[in-house]
Amino acid sequence: MVSNHYLRSVCLILLTLLSTVVAFSTPRPAAAAASSLLSSTAEDNTYLNKEQLEFSIAYLNEHHKTDVLLPFVKAFSDLGTTAIKKNAWIGGSYQIIDASITDITQDELCLEASIKQGEKIKTESVKVHLDSDPVDGMKRTYPTLPPCNPMHLNHASKLPIDNFVRRMNRLCNIVKAYSATGKMIQLGVQMGGKGVGKLNDDMYLNQVPHNRFVRKYFYDMASEAALDATILCSKKQFTNRMKMTVMFPEMNPSMDSYRIGTLLELARSIAIKLAEQNLRVRVCVQGSMGVGIFTGVPKQLNGVHTLLQRMDWESEAGEENDGMVGDYVRFGYVGKEHVINAQKSEKEGEPDVEQDDVFLLICPQNMIGLESSIIGSLSEMVDAAGDRPVILLNPDLVDKVSAQGQQSIRGRQARIDFASSFETMFQFQNIYYSGTSYFPILGSVVKLGPLEPWVAHQRRDLMNNDGEVYLPVYASETAPENEVLMSTFAK
């Protein structure tokens, strides 16, 4: 005879399986599907864990009532619309005087708002969705921004605190609380986030030549970003037209600290990183431009093609990258004729020609005074590459001064549109104090991956010459505007 205990156990198992099947078969709305991309660390499947939730609520209530919470209530809740209607008759008759967060869920901020109407003060509960748009009546004061792509958020970091920070920063940018965005980045780092937008301390970029570990730090970050973007491109989740800007002092050709070896080492690091994933990389430099005796290459690229082939790739027999150069890393110039497609060998015994998988173009740029632009050769090469990744390293595709205005007028819009079609997948660029000197460094603007946010940092020296830090002061999903950026830097 089967025991009652055994029967109860079997029934419980069957009920559990049935409930699981029902849960997975029930259709979910789009918002719920987007939210399901988030992974939670808490056992009860809450958005933020207890420590993160309590600290975030206390921090926002104590430090950001005026610049963040009150504007949120006005911009993203019906109370803002009500205030506009009532104040249209008698100005100041309906005022939102206070707001405090009571809870943070996966989709909403729960707030208590205090409203003064005449001599009476009442409290109302308000919910602001983390992907809100401004309500009617506030759209002119607070122009909206595109919502954060859930796939981008999940790819950059699966930690809920990072998801919360980026969605909050979008809302802060809408209500023009720009300085609060940097504080939110710091909050994410402090509360156990991945470290979105965080930079190493004590890089001492004011000192040149840079330390080797500093160069390697940038090489590694840029190489990881290039590989990540290439993988995303293969999944149709990122454009195949990519650019990276790496402009610390040794990489800036307008400074006397410029070092060609650093540029070549960076290109080598990126090419090897991609080649290690069995991708064939074509490293290209632009050739001579111009007509007749008026030909030449940019000063920054003079001799680079030769140096690339002569530098140590550790590709000789018995070395770490044995056989890489020539098979997985190849060299060429900018132009459609240097795009190699797969071909079957016509002669018996000869190997087939393998196609290039990724194209890395070093500093493509126009030149002053030449009656030609790099855009023509570059666009032909991009077209010939099809949907394969084309990475521009430190491009300068702005028109230069030329005789008869050829680079200033004719076809200018088409060239601008082509240059704009390349999407930034990595950037590190220093910001300097105004004036003629490039030192000391004020800070930096970074985008540390193809789906990462843009973050601006201010460089600060620690007391007693105890080092330096790069402190986040601004963050957004798009490249920051200069006026907004400078308004967030401490004077």
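These legends describe close-up views of a predicted model. Local features need pLDDT of at least 70 and side-chain atom pairs count only at pLDDT 80 or more, while totals for chains, interfaces and linings use all residues. Residues are numbered from 1 along each chain as its sequence is written, and side-chain values use heavy atoms, with hydrogens and water left out.

**View 1. The largest nonpolar core has 102 residues.** A nonpolar core is a set of buried Ala, Val, Leu, Ile, Met, Phe, Trp, Tyr and Cys residues joined through side-chain atoms within 4.5 Å; buried means under 20% relative accessible area, exposed over 50%, and partly exposed in between (1.4 Å probe, protein chains only). Leu109, Phe164, Met244, Leu308 and Met425 have the most contacts inside this core. Helix α9 (residues 212–234) supplies its largest share, 12 residues. Helices (H or I, at least four residues) are DSSP runs, numbered from the N terminus.

**View 2. Met244 and some of its neighbours.** Not counting residues up to four places away in sequence, Met244 touches residues including Ala222, Ile270, Pro395 and Met425. Contact means heavy atoms within 4.5 Å.

**View 3. Phe55 and Tyr59 form a stacked pair.** Rings of Phe, Tyr and Trp (its six-membered ring) pair if their centres lie within 6.5 Å; planes under 30 degrees apart count as stacked, over 60 as edge-to-face and the rest as tilted. Here the centres are 6.4 Å apart and the planes are at 5 degrees, so the pair is stacked. Phe55 is partly exposed, at 31% relative accessible area, whereas Tyr59 is buried, at 17%.

Conventions. Helix = DSSP H or I, 4+ residues; strand = E, 2+ residues; numbered from the N terminus.
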